Amino acid sequence: MDAVSLAAPPPLSEILASARVVALPLAARFRGVDVREAVVFEGPEGWTEFSPFAEYDDAEAATWLAAAIDFGWMPQPAPVRNVIPVNATVPAVTATAVADVLARFDGCRTAKVKVAERGQVLADDVARVRAVREVMGPEGRIRVDANAAWNVDEAEHAVHALAEFDLEYVEQPCATVDELAELRRRVKYMGIPIAADESVRKAADPLAVARAGAADLLVVKAQPLGGVRRALEIVAEAGLPAVVSSALDTSIGLSMGATLAAALPDLDYDCGLGTASLFLADVLSPGLAPRDGALPVGRVVPDPDLLDRHAASPERTQWWLDRLARCHSVLAATPEVAAEPL
């Protein structure tokens with residue numbers, strides 16, 4: 001795949017000229033946070049987003065900045081579809097809260113359920129997934145995401161415990177490629193596919209999981225992989241079906257994810273881009289939340305009033321702008337992070 005990329009990032013001053021840091025409250029605690037913070041800014045091609053998770057170091061976060069710059073400064077691949085079917089996302093809530101969560105996802109026929117939450121046990125997962133099945137009925141599709149929390153034996157036991165709910169696939173049940181390959185061998189007879197997420201987006205070699213035969217499909221995210229075109233290259237080289245998912249982005253970041261999903265030659269699974277429904281506030285109104293189970297494809301523009309209303313505190317704003325500057329220095333020192341195709 002040919003890639004037209006910036007040889008170096010734009011000047012930091014050009015990014016900071018429009019940069020706004022927002023703090024958006026969530027409807028339920030997700031990934032250990034109640035408020036999602038992000039930097040949004042405008043490039044020549046439109047608005048873009050930089051929102052690596054707070055615990056990521058500058059080297060890893062710089063890849064997210066490369067993605068933001070690419071989306072804001074470079075034309076994106078042409079879409080082959082103009083709407084993206086998406087799944088509901090169910091955090092590690094109690095079973096009694098499941099119906100309220102699913103009600104926020106208009107028309108979604110698929111649900112991704114978080115499991116293996118720290119401080120919970122497998123019985124909590126079973127109860128949550130059972131509640132999702134009861135709400136969605138027999139025709140609904142259910143996938144679970146363990147975020148690499150199980151070892152192989154724990155994962156095998158969990159897959160058996162959850163199999164009665166007719167799982168579409170199990171996402172990142174174990175941490176390493178070798179563990180995923182072993183688990184896939186053990187549960188292959190059950191017909192439940194294994195999906196790789198962290199083994200792609202957090203790996204030095206994102207193609208290792210495909211070469212090892214350790215997964216049946218890939219979960220790809222635009223920001224962590226360095227942008228839409230880089231993610232497309234990974235999918236093409238891996239030769240596996242792909243699901244595009246969000247990194248708990250604002251609606252601006254979700255538009256980047258939708259651009260990626262729209263450009264994939266094949267899209268066999270509903271995508272994890274409906275997460276604006278987990279937010280109590282967003283940078284535009286209405287946010288890029290599911291309507292009839294899908295998202296439109298196209299760039300979005302934030303509402304200036306909402307940027308003001310949900311601005312992060314001065315201390316957090318400075319923290320994010322300092323982080324952005326450090327990541328910009330990483331890209332300036334190693335432009336191939338932003339410029340070279342994989």
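Figure 1. The model shown in every view is predicted. An unreviewed UniProt entry lists D145, E171 and D197 for "binding site". These residues are spread over 53 residues of sequence, yet they cluster in space. The largest C-alpha distance among them is 9.2 Å. Where is D145 found? D145 is in strand β7, which covers residues 141-145. E171 stands opposite A195 in β9.

**Figure 2. An open sheet of seven strands.** The strand order is β5-β6-β7-β8-β9-β10-β11. The pairing is parallel. Strands of a sheet pair through backbone hydrogen bonds, and the pairing can be parallel or antiparallel. Which strands stand at the edges? They are β5 (88-90) and β11 (242-244). Each has a single partner strand, so one side of each is left without a neighbour in the sheet. Direction ignored, neighbouring strands of this sheet are turned by 25° against each other on average. For a close look at one pair, take β8 (residues 167-171) and β9 (residues 194-196). Two bridges join these strands, which run parallel.

**Figure 3. An open sheet of three strands.** Here the order is β1-β2-β3, and the pairing is antiparallel. The edge strands are β1 (20-30) and β3 (46-50). Each has a single partner strand, so one side of each is left without a neighbour in the sheet. On average, neighbouring strands of this sheet are turned by 35° against each other, direction ignored. How many bridges join β1 to β2? Seven bridges join β1 to strand β2 (residues 33-43), and the two run antiparallel. One place to look is R20: its bridge partner in β2 is V40.

**Figure 4. Helices α10 and α12 on the three-stranded sheet.** Helix α10 (residues 251-263) lies across β2 and β3. Its direction runs at about 100° to β3. Helix α12 (residues 314-333) also packs on the sheet. This helix touches β1, β2 and β3. The direction of α12 makes about 55° with that of β2.

**Figure 5. Helix α2 against helix α12.** Two packed helices are described by the angle between their axes and the distance between the axes. Helix α2 (residues 58-73) and α12 pack at an angle of about 85°. Their axes are 8 Å apart. Angles of 65 to 115 degrees count as roughly perpendicular, and α2 and α12 are therefore roughly perpendicular to each other. Which residues make the contact? From α2 come D58, A61, A62, L65, A66 and I69. From α12 come R323, L324, R326, C327, H328, V330 and L331. By class, this contact has nine nonpolar, one polar and three charged residues.

**Figure 6. Helix α4 beside helix α5.** Helix α4 (residues 122-136) and helix α5 (residues 152-162) pack at an angle of about 30°. Their axes are 10 Å apart. Angles under 35 degrees count as roughly parallel, so α4 is roughly parallel to α5. The crossing of these two helices is right-handed. L122, D125, V126 and V129 of α4 make the contact with H157, A158, A161 and L162 of α5. By class, the contact has six nonpolar, one polar and one charged residues.

**Figure 7. Helix α5 beside helix α6.** The axes of α5 and helix α6 (residues 177-187) come within 10 Å. They cross at roughly 35°. Is this crossing left-handed or right-handed? The crossing of α5 and α6 is right-handed. On the α5 side, the contact is made by V152, D153, A155, E156 and V159. On the α6 side, it is made by E179, E182, L183, R186 and V187. The contact of α5 with α6 divides into five nonpolar, no polar and five charged residues.

Figure 8. For "domain: Mandelate racemase/muconate lactonizing enzyme C-terminal", the unreviewed UniProt entry lists residues 91-190. Over residues 91-190, the chain is 42% helix and 15% strand. The end C-alpha atoms of this stretch are 26 Å apart.

**Figure 9. Two backbone details in loops.** L248 lies in the loop between β11 and α10. Phi of L248 is near 55°, a positive value in a residue other than glycine. P286 lies in the loop between α10 and β12 (294-296). What kind of peptide bond joins S285 and P286? The bond is cis, with omega about -5°.

How values were computed
Residues are numbered from 1 along each chain as its sequence is written. This is a predicted model: local features need pLDDT of at least 70, side-chain atom pairs count only at pLDDT 80 or more; totals for chains, interfaces and linings use all residues. Side-chain values use heavy atoms; hydrogens and water are left out. Axes are lines fitted to C-alpha atoms, for helices over the stretch in contact, and angles run from 0 to 180 degrees between N-to-C directions. Helices (H or I, at least four residues) and strands (E, at least two) are DSSP runs, numbered from the N terminus. Angles under 35 degrees count as roughly parallel, over 145 as roughly antiparallel, 65 to 115 as roughly perpendicular and the rest as oblique. A crossing is left-handed if the near helix is turned anticlockwise from the far one by less than a right angle, and right-handed if clockwise. Contact means heavy atoms within 4.5 Å. Ala, Val, Leu, Ile, Met, Phe, Trp, Tyr, Cys and Pro count as nonpolar, Asp, Glu, Lys and Arg as charged, and the others, Gly among them, as polar. Two strands pair if DSSP finds at least two bridges between them. UniProt positions are given in the numbering used here, feature names are shortened, and annotations may be inferred rather than shown by experiment.
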